[in-house]
Each structure stands twice: as C-alpha cells, then as structure tokens.
Amino acid sequence: MMPFLLKRIGTGAITLLLASIVVFAMLDVVPGDPARMMLGMNATEDAVQALREQMGLNQPLIMRYMSWLGGFLVGDLGRSYTYSVPVSQLVAERAVVSLPLALLALFLSTAIAIPVGLYSASHRGKAADTIAMGASQLGVAIPNFWFALLLVYVFAIALRLLPAGGFPGWTAGTWPALKALFLPAIALALPQAAILARVTRSALLDVLGEDFVRTARAKGLSRNTVLWRHALRNALIPVFTILGLQFSFLLAGTIIIENVFYLPGLGRLIFQAITQRDLIVVESVVMLLVATVIVVNLLVDLSYAAIDPRLRGT
Amino acid sequence: MAPQPTIPETQSVMRRARGSKSFMIGLAITAIIAAAAALSFVWTPYDVTQISIGDKLKPPSLEHWFGTDHFGRDILSMIMVGARNSIAVALVAVGIGMGLGVPLGCWAAARGGWLDEALMRLNDVVFAFPALLSAIMITAIFGPGAVNAIIAIGIFNIPVFARVSRAGALALWPREFILAARASGKGKLMITAEHILPNIANLLLVQGTIQFALGILAEASLSYVGLGAQPPMPSWGRMLFEAQTMIAIAPHMAIFPGLAIVMTVLGLNLLGDGLSDLLDPKLRRQK
C-alpha cells in the first residue's frame with residue numbers, strides 16, 4: 001500500500017510542478033506589457049519603468065517564477081493588476097459561485113446517470129435500454145451552451161419559472177441563489193450524465209458476464225441483490241475514472257456556461273482577466289484549476305486502492 | 001463437407017458495414033453535412049454577406065427554410081458556409097494530433113524506459129489542463145481566429161493520440177510476428193512503420209472520428225465566446241451567440257445552428273461506434 005501511495009503522490013507532484021512551469025511560461029510570452037496596460041498609453045516611460053520595477057517585472061524569468069510559485073505555496077496568489085486587490089480575495093469571492101455550481105452539476109449528473117445506467121444494463125436490449133442509450137447518444141452530441149439557451153427559452157422566457165441569468169448572491173438567501181444556479185447546473189450536467197450513463201451501463205454489462213455474478217445468482221440471491229451488492233461495486237472503477245475526468249470538463253464548462261448566464265464565477269473571472277491582460281489573475285486562477293484537476297485525479301486513483309485491494313500491490 | 005466459398009476481406013467488411021445500423025446512419029448524416037459544406041463553395045440559397053434589413057428575423061418559410069437572422073441573412077445559407085469552417089478546423093486539429101501524437105506514442109512504446117516515462121508524464125501534464133480552458137487561453141493570448149482555434153484544439157489532440165498509439169503498440173511488441181521481424185534484423189523504426197502502424201490503424205481511425213466530433217464541439221464553444229472564426233465568416237458558435245440576445249423574439253435563430261452542431265457530432269459519433277464494431281470485434285463486448 002505505501003509504495004503505491006508514495007509513487008502515485010510523487011508523480012502527482014511532478015505533474016503539478018511541470019504544469020506550473022507551463023502556465024507561467026505560456027503567459028510570459030503574451031504580447032503586451034502589464035505595466036503599460038495599467039498606466040495607459042499616455043504614461044511616461046519613467047512611470048512605466050518604475051511600476052515594472054515595483055511589480056517585479058524586471059527580474060529575470062526564473063526569479064519571477066520562483067517568487068510566484070513560492071507565494072502560491074503559502075497561499076499568496078499575487079495582486080490583481082486591474083482590481084488592485086489580492087487575487088486570493090477575488091478567487092474566494094468567485095469560488096462561492098463556481099464551486100456550488102460544479103458540485104450541483106456533478107450531483108445532478110451522477111443522480112441521473114447511475115440509475116439510468118443500472119436500469120439499461122439490467123434490461124439490456126429491451127425498449128427502455130434502446131431509448132436510454134439513444135438519448136445518451138444525443139446527450140453527448142449537444143453542446144452545453146446551446147442546451148443552456150434552450151433551457152433559458154423554455155424555463156425563463158416561456159414559463160417564467162427560473163431566472164434567465166445573473167446571480168443574486170448568497171446574501172439574498174439560499175433559495176434565490178440556488179434558483180439562479182439550477183438552469184446552469186442542468187446545462188452543465190446533461191452531456192456529462194449522458195457519458196456517465198453509457199460508461200455505467202457498459203461497466204455493469206462487463207461485470208454481469210463474470211463467473212462470480214453467476215455464482216451469486218446460483219446460490220439463490222435475488223437479481224437486485226446481485227446487481228446492487230455485487231455488480232455495481234465491481235463496476236465502480238471505470239465509473240470513478242470518468243467522474244474524475246468529468247470534474248475537469250465541468251471546470252472548463254463553467255467558463256462557457258457562466259458566460260451564458262452572466263454568473264460572476266471563476267470562469268468569468270478568467271475570461272475578463274484575459275481580455276484585460278490581468279496576467280497574474282489568469283496565471284493564478286488557471287494554476288488553481290489545474291491543481292484541482294490533478295489533485296482530484298490523484299484522489300480518484302487512490303480511491304481505486306480502497307475499492308479494489310488487488311490494485312494496492314502495483 | 002463442402003468447401004467454404006472464400007470472400008475477399010474488403011467485400012466482407014462492406015457487407016458487415018451495411019448490416020451495422022449505427023455505421024450506416026452515421027455515414028449518411030456525415031455525408032449530408034459534408035455535401036452541404038462542399039455545395040456551399042459553389043452555391044448557397046442566398047448570399048451570406050447580403051444584409052437585407054427588410055427581411056430580418058423572418059421565421060422559417062418556403063423562401064427561407066430556416067428563417068433569417070437579425071440582418072436578414074438566410075440561416076440555411078449561413079449554416080452551409082459555417083459547416084465548412086467547423087469541418088476544416090476540426091479536421092486540421094485531428095491532423096495535428098495524429099501527426100505529432102502517433103509518432104510520439106510509437107516512439108515511447110518502441111524505446112520504453114525513461115523516455116517512455118518522461119513522455120507519459122508530459123502527457124499527464126497536458127491532460128491536467130481542461131482542454132477548453134487552455135484553448136480559450138491560447139486563442140485569447142495569440143488573438144482570436146480560425147487558425148489559432150485549430151492550433152489550440154490540435155494541441156490537446158496530441159496526448160490523446162500519443163496514448164492510444166502507445167497502448168496499441170505496447171500490446172503488439174511482445175507478439176511473435178514482431179519478434180520474427182526483429183530476428184530478421186529489422187530496426188525498431190522499420191518495424192514500427194511496417195508492422196505496428198498498420199496494426200493500430202483501426203484504433204487510430206476510431207479515435208480520429210471521436211476527436212473530430214469533439215473538435216466540432218470545441219470549435220463551436222470557442223466561436224460562441226468570440227474566439228473562433230471572425231465575422232463576416234459565419235460559424236455555428238457565433239450564430240448561437242448572436243441568437244442569444246434575440247432568443248425571446250426569434251428562437252429559430254438559436255434552434256437551427258444548434259441542430260446543425262448536434263447532427264454533425266451525432267453523425268460522427270455513430271460513425272465512430274460503427275467503425276469500432278466493424279474493425280475490432282474485441283471492442284464489441286464493451287458496448
């Protein structure tokens with residue numbers, strides 16, 4: 001168990017380090033001087049130079065990278081060029097929108113996909129299975145922002161049940177805030193649910209063909225007991241893998257979906273920061289998202305060992 | 001026992017293809033979209049750059065099958081021209097991914113050892129970046145436009161193809177026919193070209209179809225946020241962006257470009273499913 005844990009954590013750490021270099025290098029080649037951007041075109045060269053010095057932009061690349069990474073490790077994400085507030089404060093303000101949104105979407109996707117996958121697998125080849133798999137084929141093909149537009153048309157414009165966009169803030173109460181996140185979460189969840197349902201079904205079908213399932217049935221256990229207690233547990237590994245990967249899709253998806261619904265989340269923050277050339281915000285938020293993806297995938301890998309003892313040796 | 005009539009392999013694949021529902025439906029949809037895109041080079045029902053305010057926001061009718069947009073442009077014509085853009089971006093992006101990813105994957109499999117480990121770690125790094133997030137970053141940094149969209153989408157196809165070809169190649173290297181080739185003195189490069197590549201071509205074809213579909217979706221997302229093809233070149237994502245502000249009065253503006261994306265992606269996915277069934281019987285079990 002320990003060597004596996006250590007090796008996996010080690011590769012995770014290396015991936016994180018390489019990713020941080022990529023993020024930093026990518027944004028270093030961006031055309032345009034942040035100091036010049038902040039002061040405007042009319043500022044004197046001296047003023048720009050002074051600001052560059054103050055922002056540490058005149059230091060060599062490696063020094064700037066080290067101080068950025070060092071700050072990151074102690075929770076100092078730098079200071080926004082445009083808002084002049086610590087990036088960590090911006091992130092905290094925006095994360096209270098994006099994180100609940102992503103979690104709600106993940107919950108909806110799992111809550112739809114696992115039962116559908118289970119039902120399809122246990123009724124393989126029947127009409128319900130065909131319909132469910134046809135629907136999931138369609139779900140995979142639907143772009144989430146288009147689905148979002150259709151949801152807005154039906155639920156916000158035609159039926160007037162839910163808001164078409166914007167976010168009242170959690171201070172306005174839990175219910176109005178949740179209402180504002182509901183349509184975006186559905187739009188995000190649908191394509192993911194479609195993929196997850198297919199994976200659940202095929203993983204279950206693989207397991208249902210195994211000897212131990214036949215043995216369990218032969219010793220008199222009911223279909224449902226075998227399905228829930230034996231088959232589902234063994235089918236969880238591929239399902240977990242996909243869930244881990246989907247977290248990354250959900251994070252990226254929030255960028256688009258937050259733009260559709262005008263939600264003040266992390267996705268919109270990145271988007272605005274890119275257009276304003278607020279590089280330190282882009283750098284830190286992207287790094288934070290990438291780190292989240294790496295850590296989630298690490299946790300998923302480690303959870304395999306918890307689910308399946310055979311994997312602990314390797 | 002009567003001797004079995006031998007069927008040439010290509011013929012038997014064709015016959016099985018006709019029996020595969022998802023392959024045939026996928027092929028039909030893909031062919032229709034490709035034909036519409038090709039046709040748009042020589043003919044569209046209306047000129048897509050023609051602004052005619054008098055005809056603006058017309059619902060679908062006999063003259064304008066899919067209606068008109070807020071500038072009075074014919075939506076069907078715009079979808080046809082937009083198809084060109086979507087297909088070109090996704091196709092070249094798949095080309096970049098295959099062109100760089102397959103050699104890398106084959107190299108890693110052939111060399112093994114630290115090189116393999118290093119390349120796969122690099123792969124992990126690219127995988128850690130949510131593809132869409134990075135595509136948005138790349139296009140925003142280097143400027144919006146179709147070419148940068150291609151590069152941004154293409155980069156994230158590289159590790160996908162590297163992984164698929166590495167896994168395929170690794171499974172082949174211990175096989176006897178490869179050993180025989182090595183015994184006869186062939187080098188690793190030669191073996192990869194002559195034996196490995198033809199044997200993983202099926203895998204790559206199926207993966208290529210999937211990445212093509214994902215590329216269509218990615219291009220639509222990028223042009224939706226204004227980072228893809230620039231006006232006046234119509235693109236499906238941009239049409240949806242423009243439809244958003246009009247959704248209350250002209251929902252048809254949102255419906256048809258969206259359907260075009262869904263049909264294209266659906267067609268390609270069905271084609272990919274069908275291909276993987278046809279080309280690799282082992283994959284059938286995983287359906």
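Trainee: Is A:Gly139 buried or exposed?
Mentor: This is a predicted model, in which local features need pLDDT of at least 70, side-chain atom pairs count only at pLDDT 80 or more, and totals for chains, interfaces and linings use all residues. Residues are numbered from 1 along each chain as its sequence is written, while chains are lettered from A and ligands numbered from 1 in the order in which they are written. A residue is buried if 20 or more other C-beta atoms (placed from the backbone) lie within 10 Å of its own, exposed if 12 or fewer do, and partly exposed in between. A:Gly139 has 22 other C-beta atoms within 10 Å, so A:Gly139 is buried.

Trainee: Which helix holds A:Gly139?
Mentor: Helices here are DSSP runs (H or I, at least four residues), and strands are runs of E with at least two; both are numbered from the N terminus. The run that includes A:Gly139 covers residues 127–141 of chain A, and its name is helix H6.

Trainee: Which residues does A:Gly139 touch, leaving out those up to four places away in sequence?
Mentor: Two residues are in contact if their C-beta atoms, placed from the backbone, lie within 7 Å. With residues up to four places away set aside, the list for A:Gly139 is A:Leu190, A:Pro191, A:Ala193 and A:Ala194.

Trainee: How is chain A divided into domains, and which helix gives the most to the side of domain 1 that touches domain 2?
Mentor: The bounds come from an automatic or database domain assignment, which gives domain 1 (2–73) and domain 2 (92–308). The C-alpha centres of the two domains lie 32 Å apart, and their contact takes 17 residues from domain 1 and 13 residues from domain 2. On the domain 1 side, helix H1 (2–28) and helix H2 (34–39) each give two or more residues. The one that gives the most, with 12 residues, is H1(A).

Trainee: How many nonpolar residues are on the side of chain B that touches chain A?
Mentor: In this contact, 33 residues of chain B meet 35 residues of chain A. Helices H4 (113–128), H5 (131–142), H9 (188–224), H10 (236–246) and H11 (252–279) of chain B each give two or more residues to the chain B side. Ala, Val, Leu, Ile, Met, Phe, Trp, Tyr, Cys and Pro count as nonpolar, Asp, Glu, Lys and Arg as charged, and the others, Gly among them, as polar. By these classes there are three charged and five polar residues, and the nonpolar ones number 25.

Trainee: How many residues of H5(B) are buried?
Mentor: Let's look at its length along the way. The expected span of a helix is 1.5 Å times one less than its number of residues, so the 12 residues of H5(B) should span 16 Å, which agrees with end C-alpha atoms 16 Å apart. The buried residues of H5(B) include B:Ala131, B:Ile136 and B:Ala140. H5(B) is mostly covered, and of its 12 residues the number buried is 10.

Trainee: Which residue of chain B is among those that touch the most other members of the largest nonpolar core?
Mentor: A nonpolar core is a set of buried Ala, Val, Leu, Ile, Met, Phe, Trp, Tyr and Cys residues joined through C-beta atoms within 7 Å. Helix H3 (residues 75–111) of chain B brings the largest share of this core, 18 residues. Of the 162 residues in the core, A:Ala148, A:Ile270, A:Val286 and A:Val290 touch the most other members, together with B:Leu240.

Trainee: Where in chain B is the pLDDT below 50?
Mentor: pLDDT is the predictor's confidence in each residue, from 0 to 100, and chain B averages 86, with 93% of the residues scoring at least 70. Where pLDDT is low, the predicted coordinates should not be read in detail. The stretch of chain B with pLDDT below 50 is residues 283–287.
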